[in-house]
Amino acid sequence: MTTTGLPRSTQVDVARVTESLEMITPLWNARILMTLSLQPLRYARIKPHLSWLIDGTLHSKLRRLAEAGLVERSEVTRGHVTYGLTARGTDLLPVLTVIAAWGEKHLERPLVKNQDTGQMERVATVAPARNVEDTLALIGPRHATPILWTLKARGASSARALSAAAMPGYRPSNIYPQVDRLVADGLAHKDGRLYDLSDSGHALAPVYRSLSAWARGRPLADTHGLWGQAPVATRVKSGPWATTQPGMTVPASPAPAAVSPALAPQSTATPVASWKPGDLFSHQTPVRHALSQAGGPHR
């Protein structure tokens with residue numbers, strides 16, 4: 001369990017959320033869960049959606065997700081095995097919707113070269129899965145959540161105070177690379193010797209509320225505490241799913257017929273993602289290392 005200098009009740013919440021992020025942040029995990037969101041699939045049906053992953057890697061990720069209780073392996077008949085989401089995995093889909101909504105609103109748009117003018121331009125829409133993975137890349141590192149949680153709880157804090165609360169047991173100087181990365185990513189800012197949450201950092205409230213509720217096995221609407229009330233159901237309008245981690249390109253793959261993916265609530269009470277796995281790779285996505293300009297944290 002992640003240890004912090006925060007009050008016991010807060011520390012438990014931070015630990016649960018941090019451990020939850022460790023399950024879903026590794027590259028391609030969210031995409032695998034999304035691929036299985038509609039129905040259980042045989043390995044041969046999953047593989048085309050992640051065709052650049054060698055079998056050993058994909059098998060390993062499916063096994064780890066199964067060990068985490070998010071995916072279940074079922075032997076329908078001899079030689080006929082399917083992979084599907086567990087109830088716990090299915091409950092995570094609304095959380096991914098909330099995460100995608102934050103990315104859609106607060107992350108910068110990537111740059112892509114205009115084929116006619118040769119100029120670099122920002123894309124008009126970003127795929128929901130890309131918003132999920134880019135957001136997780138910002139908050140997924142081990143110490144990010146304890147630091148952000150501490151800043152939310154205590155407000156502007158010195159590096160020494162942050163170190164004592166968010167990273168006890170470490171040398172005080174170890175806080176600087178962690179918090180400076182959050183500043184560079186646009187989730188925090190520095191004023192003199194004090195660090196504080198940026199507007200985008202404060203706006204992570206729905207993300208952490210939903211993660212906290214899921215980690216406690218509670219309905220998404222049943223969220224209280226430091227980060228406030230339950231997140232509002234949000235419809236995310238975005239483009240196809242093609243997505244990678246920052247600084248990487250999407251491997252080439254056949255383009256199926258384009259279908260606008262739905263990332264919409266199935267009810268007005270709880271936002272639930274409804275994805276079409278066949279629409280995962282309907283276009284090539286540019287390299288993701290654009291700097292933040294007039295529009296949000298780094299991707």
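Two strands are said to pair if DSSP finds at least two bridges between them, and the strands themselves are DSSP runs (E, at least two residues), just as helices are DSSP runs (H or I, at least four), both numbered from the N terminus. This is a predicted model, in which local features need pLDDT of at least 70, side-chain atom pairs count only at pLDDT 80 or more, and totals for chains, interfaces and linings use all residues. Residues are numbered from 1 along each chain as its sequence is written, and side-chain values use heavy atoms, with hydrogens and water left out.

View 1. Among contacts (heavy atoms within 4.5 Å) with a separation of 6 or more, 66% are between residues 24 or more positions apart.

**View 2. The open sheet of 3 strands, in the order 1-3-2 with antiparallel pairing.** Its edge strands, each pairing on one side only, are strand 1 (41–42) and strand 2 (71–77). Strands of a sheet pair through backbone hydrogen bonds, either parallel or antiparallel.

**View 3. Strand 1 beside strand 3 (residues 80–85), antiparallel and joined by 2 bridges.** Within this pairing, L41 has Y83 in strand 3 as its bridge partner.

**View 4. The hairpin of strand 7 and strand 8, with 2 residues between the strands.** Strand 7 (residues 188–191) and strand 8 (residues 194–197) run antiparallel and are joined by 4 bridges. A188 stands opposite L197 in strand 8, while G192 takes a positive phi near 70° in this hairpin.
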